[in-house]
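This briefing is meant for someone opening the structure for the first time. Please look over the sequence and the model, and then follow the topics below.

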Amino acid sequence: MNAGATKPASAAAPPRPAASVEDAPHIAGAAETAAGTGAGVPAGPTPTTPPAIDITGLTVRYGQVTALEAFDLQVARGETVALLGPSGSGKSTVLKAVAGFLRPTAGRVRLTGRDVTHEAPNKRGIGVVVQNYALFPHMRVADNVAFGLRARRVPRAETARRVAEALEMVGMAGYARRYPRELSGGQQQRVAIARALAIRPPVLLLDEPLSALDAALRADLLGELQRLRADLPDVAIMYVTHDQTEALALADRIAVMRDARLVDLDATDRLYRRPPSEFTAAFLGAANLIPAQVVRDCADGAGDAQARVGALTVPADPARAFRAGETAMLVARPHTLGIEAAGADGTLPATLTGSQWRGATYRLTCLLDEPSGVEVRCDVATMDGVPALGQPVGIRLPADPCVLVPTGTQR
Ligand SMILES: Nc1ncnc2c1ncn2[C@@H]1O[C@H](COP(=O)(O)OP(=O)(O)OP(=O)(O)O)[C@@H](O)[C@H]1O
Ligand SMILES: [Mg+2]
């Protein structure tokens with residue numbers, strides 16, 4: 001399916017159980033108003049082609065609670081942006097505002113240049129899979145998927161064709177006549193995604209679509225979402241998750257959120273490789289943050305930067321300009337560190353305090369001698385040669401310079 005080659009449809013179907021069409025007025029009776037949205041424009045926002053999704057200054061308050069504060073984000077046609085952040089950071093609030101399920105306190109939402117901030121959800125032409133998926137329990141799978149199409153009076157033959165196509169895309173072609181109760185959780189989730197896709201939306205919003213599934217099913221469906229994404233080269237996707245694996249696997253860019261705010265936003269690989277803040281380094285890839293002192297003035301990305309940790313001086317990759325003597329954090333992911341015998345040349349002296357078998361690796365925890373009390377996690381493939389718990393060890397930093405981020409960017 002090539003959604004961009006077709007006229008975009010309206011009638012997003014936020015999947016909630018409903019006893020009847022009347023119980024879901026935001027789905028039913030949708031009028032086609034999104035004419036031209038996303039169709040026939042080249043990928044990527046340019047001065048002449050507005051982004052598929054353009055969020056500016058979005059603020060949502062519930063009384064004293066600020067769910068979202070001055071949030072800005074643009075998503076280009078064909079781009080997938082993941083909203084990643086801990087529970088309560090405001091991810092779903094962003095999606096709800098884009099879908100039209102809530103009215104923001106301030107700010108604007110535009111879809112391909114059209115201001116939809118105060119438009120009803122069913123006029124926006126968006127495909128939505130909400131956080132706690134739920135299909136209409138009294139409808140068969142095919143009818144669930146056909147819902148948005150019938151609401152906009154797509155002819156019967158075309159509806160049947162699109163339902164079959166959407167079910168095929170999510171690997172559920174053989175399940176059209178079943179009721180939701182006759183499906184597993186993962187299968188129901190696939191149907192919810194098929195329902196969002198059936199209307200061929202130029203914009204697809206997915207809120208933790210895999211969170212209710214067990215680990216094996218999650219991995220399966222993640223692979224399918226990757227394939228699906230390749231099949232939908234023109235669709236702009238916002239994907240909410242608190243799972244970094246999903247964000248890394250699916251997103252072109254990641255927006256990291258914390259406490260109702262956008263913390264960092266960048267291309268997925270860049271954000272992972274050169275996180276700009278302590279928070280993003282720790283959240284995306286569970287990096288160790290090792291306090292260090294900058295040896296001499298350095299610019300952002302300077303090739304000859306150095307940092308001092310304990311008695312070691314090591315090359316560093318500064319995420320911003322630093323002054324000599326400034327304290328900063330070295331970002332070191334657990335799998336990049338090695339454990340050696342205490343006193344080995346060029347290692348950080350530490351004490352081994354814990355070991356946890358994780359199947360493919362062992363996660364070791366160590367306390368650095370200097371700076372004292374700093375805990376460092378280190379993943380190793382084997383315990384061969386690793387000293388006993390409570391014994392001194394030497395921690396080997398990676399050969400490539402560690403990224404250096406400013407302190408106080410826990411944000
Ligand atoms: N209707 C509401 N009334 C009051 N506070 C709300 C309401 N909806 C959300 N909030 C608050 O807004 C904040 C952001 O909520 P949101 O649902 O966007 O978080 P989230 O990042 O999606 O979290 P999770 O990962 O748990 O789904 C939270 O502190 C939440 O308690
Ligand atoms: Mg949420």
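Two strands are said to pair if DSSP finds at least two bridges between them. With that in mind, Arg110 stands opposite Asp115 in strand 5, and strand 4 and strand 5, which run antiparallel, are joined by 2 bridges. The model is a predicted one, and the secondary structure of its chain comes to 8 helices and 20 strands. Buried residues make up 46% of the 411 residues in the chain, and among the contacts with a separation of 6 or more, 69% are between residues 24 or more positions apart.

- Strands of a sheet pair through backbone hydrogen bonds, either parallel or antiparallel.
- How many of the residues of helix 1 are buried? The count is 9 of its 9 residues, and helix 1 is accordingly described as mostly covered.
- The buried residues of helix 1 include Lys91 and Lys96, as well as Val94, Leu95 and Val98.
- Helix 1 is followed by Gly100, whose phi is positive and lies near 95°.

**The barrel**

- A separate group of 5 strands closes into a barrel in the order 11-12-13-20-14, and the pairing in this barrel is mixed.
- From one strand to the next, the twist averages 55°.

**Helix 2 against helix 4**

- Two packed helices are described by the angle between their axes and the distance between the axes.
- Helix 2, residues 141-151, packs against helix 4, residues 185-198, at an angle of about 30°, and the two axes are 7 Å apart.
- Because angles under 35 degrees count as roughly parallel, that angle makes helix 2 roughly parallel to helix 4.
- The crossing in which helix 2 passes helix 4 is right-handed.
- On the side of helix 2, the residues that meet helix 4 are Val141, Asn144, Val145, Ala146, Phe147, Gly148 and Leu149, and on the side of helix 4 they meet Val191, Ala194, Arg195 and Ala198.
- Sorted by class, this contact of helix 2 with helix 4 has 8 nonpolar, 2 polar and 1 charged residues.

- Ala173 is found in the loop between helix 3, residues 156-169, and helix 4.
- Is Ala173 buried or partly exposed? Ala173 has 13 other C-beta atoms within 10 Å, and is therefore partly exposed, since the buried class needs 20 or more and the exposed class 12 or fewer.
- Leaving aside residues up to four places away in sequence, Ala173 touches Ala164, Leu167 and Glu168.
- Ala173 and Val191 are 18 residues apart in sequence, and their C-alpha atoms are 10.0 Å apart in space.

**Backbone details in the loops**

- Most residues other than glycine have a negative phi, and most peptide bonds are trans.
- Thr112, a residue other than glycine, has a positive phi near 45°, and Thr112 is found in the loop between strand 4 (106-111) and strand 5 (114-115).
- Thr112 is buried, because 24 other C-beta atoms lie within 10 Å.
- Ala260 likewise is not a glycine and has a positive phi, of about 70°, and Ala260 lies in the loop between strand 9 (253-258) and strand 10 (261-267).
- Ala260 is buried as well, with 21 other C-beta atoms within 10 Å.
- The peptide bond from Glu370 to Pro371 is cis, with omega near -5°, and Pro371 is found in the loop between strand 17 (362-368) and strand 18 (375-380).

Note on methods:
Residues are numbered from 1 along each chain as its sequence is written. Chains are lettered from A and ligands numbered from 1 in the order in which they are written. This is a predicted model: local features need pLDDT of at least 70, side-chain atom pairs count only at pLDDT 80 or more; totals for chains, interfaces and linings use all residues. Helices (H or I, at least four residues) and strands (E, at least two) are DSSP runs, numbered from the N terminus. Axes are lines fitted to C-alpha atoms, for helices over the stretch in contact, and angles run from 0 to 180 degrees between N-to-C directions. Angles under 35 degrees count as roughly parallel, over 145 as roughly antiparallel, 65 to 115 as roughly perpendicular and the rest as oblique. A crossing is left-handed if the near helix is turned anticlockwise from the far one by less than a right angle, and right-handed if clockwise. Two residues are in contact if their C-beta atoms, placed from the backbone, lie within 7 Å. Ala, Val, Leu, Ile, Met, Phe, Trp, Tyr, Cys and Pro count as nonpolar, Asp, Glu, Lys and Arg as charged, and the others, Gly among them, as polar.
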